[in-house]
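Me: I would like to learn how to read the features of a model. Could we go through one together, step by step?

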Amino acid sequence: MEEIRDCLICGSNSLEDHQSVKDHFGTQEVFQLQGCRQCHTLFTNPRPEENNIIKYYKSGSYISHGDKINSLFNRLYNLIQSQNLKYKQRIVEKYSFKGKLLDYGCGVGSFLQHMSQKGWEVTGVEPDEQARKISTSRDLPVKELNQIEDCFNCISLFHVLEHVHSLNETLEQLCTLLDRNGILILALPNYKSYDAQHYEQFWAGYDVPRHLYHFSQKSITHLAKKFGLNIVATHPLYFDSYYVSLLSEKYKGSKFPIVPAAVQGFISNQKAKRNKEYSSLIYILSK
Ligand SMILES: [Zn+2]
């Protein structure tokens with residue numbers, strides 16, 4: 001295990017215990033969350049080392065979405081995914097000229113493929129070999145970050161940054177690959193959301209130890225400043241409150257998770273209309 005002494009975002013040395021959370025999805029091991037008093041980022045601390053984290057991804061069925069569309073749930077999932085892809089595209093095209101896109105942590109390449117079909121020149125980076133193979137089989141160019149020399153109009157990380165061990169080094173590299181007028185898109189769970197407060201240690205957005213960091217809007221303000229970036233806008237991911245609530249209800253042991261998850265997901269989005277603390281947020285950053 002690796003222990004963090006100083007905040008990786010703002011450098012402050014005042015980390016304090018926040019909450020203990022179980023790896024509900026896999027090993028059932030308990031991890032400690034510690035929070036920075038200054039920038040309000042939470043860290044899974046101590047955390048598994050980079051060369052050891054793989055076992056926590058293999059212990060459950062982390063990529064559980066096959067190509068089966070026979071069951072109702074899968075059909076619903078695919079419908080939501082296609083709506084999500086269009087929503088992400090609209091956000092990208094609202095803030096960026098159409099051109100080159102780098103999707104960091106592209107997974108099986110769904111977003112890359114969608115954007116490629118819409119006329120974007122796409123590149124992906126993906127550490128997981130299995131997912132990378134699927135992307136490559138879809139004729140999508142997936143590379144190592146170090147091999148990339150292009151400049152991009154848009155670099156996206158959808159639910160990825162919270163998994164990255166070398167947080168600062170990666171962001172630094174990505175910033176050098178970002179065009180002068182380009183945008184960096186970060187989609188992250190928000191532990192200040194209503195559903196996080198409601199489910200506490202059962203909140204699926206913590207997802208320890210795979211999520212190494214737990215960001216708030218304040219932490220992203222600090223992060224942006226550190227890399228000389230501006231926060232241009234934030235957008236909600238409306239569906240995440242429902243999905244995260246459904247998983248959280250399962251972790252709590254609910255017998256009929258769908259109904260309470262729908263209620264809590266709805267309440268979370270309603271409350272966030274006023275305070276902007278959505279379950280997950282998309283941050284648009286520029287140089
Ligand atoms: Zn801090």
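Me: Let us begin with the metal. Which residues coordinate the zinc ion?

Reply: Donors are N, O and S atoms within 2.8 Å of the metal (3.2 Å for Na, K and Ca); water is not among the atoms, so sites may look incomplete. Here the zinc ion is coordinated by the SG atoms of Cys7, Cys10, Cys36 and Cys39, at 2.3 Å. A caution on the source: this is a predicted model, where local features need pLDDT of at least 70, side-chain atom pairs count only at pLDDT 80 or more, and totals for chains, interfaces and linings use all residues. Residues are numbered from 1 along each chain as its sequence is written, and side-chain values use heavy atoms, with hydrogens and water left out.

Me: What is the geometry of the site of the zinc ion?

Reply: Ideal angles are 109.5 degrees for four tetrahedral donors. Four donors count as tetrahedral if all angles lie between 85 and 135 degrees; four count as square planar and six as octahedral if opposite donors are over 155 degrees apart and all others between 65 and 115; anything else is irregular. The zinc site has angles of 101 to 116° among its four donor atoms and is tetrahedral. The donor spacing in sequence is C-x2-C-x25-C-x2-C.

Me: Are Cys36 and Cys39 buried or exposed?

Reply: Buried means under 20% relative accessible area, exposed over 50%, and partly exposed in between (1.4 Å probe, protein chains only). Cys36 is buried because its relative accessibility is 4%. Cys39 is buried because its value is 0%.

Me: Now the sheets. What is the strand order in the open sheet of six strands?

Reply: Helices (H or I, at least four residues) and strands (E, at least two) are DSSP runs, numbered from the N terminus. Two strands pair if DSSP finds at least two bridges between them. The order is β5-β4-β6-β7-β10-β9, with mixed pairing. At the edges are β5 (121–125) and β9 (230–236), each pairing on one side only. The twist averages 20° from one strand to the next. Six bridges join β9 to β10 (residues 280–286) in the antiparallel sense. Ile231 has Leu285 in β10 as its bridge partner.

Me: Which strands does helix α5 lie across?

Reply: Axes are lines fitted to C-alpha atoms, for helices over the stretch in contact, and angles run from 0 to 180 degrees between N-to-C directions. Contact means heavy atoms within 4.5 Å. α5 (residues 167–177) lies across β4 (100–104), β6 (152–158) and β7 (178–189), at about 140° to β7. Its buried residues include Leu167, Leu171 and Leu174. The buried residues of α5 pack against β4, β6, β7, β8 and α7 (217–226).

Me: Where is His165?

Reply: His165 is in the loop between β6 and α5. His165 counts as buried because its relative accessibility is 10%. Leaving aside neighbours within four places in sequence, its contacts include Glu2, Arg47, Leu212 and Tyr213.

Me: Last, how many helices and strands does the protein chain have?

Reply: The chain has nine helices and 10 strands. Of its 287 residues, 49% count as buried.
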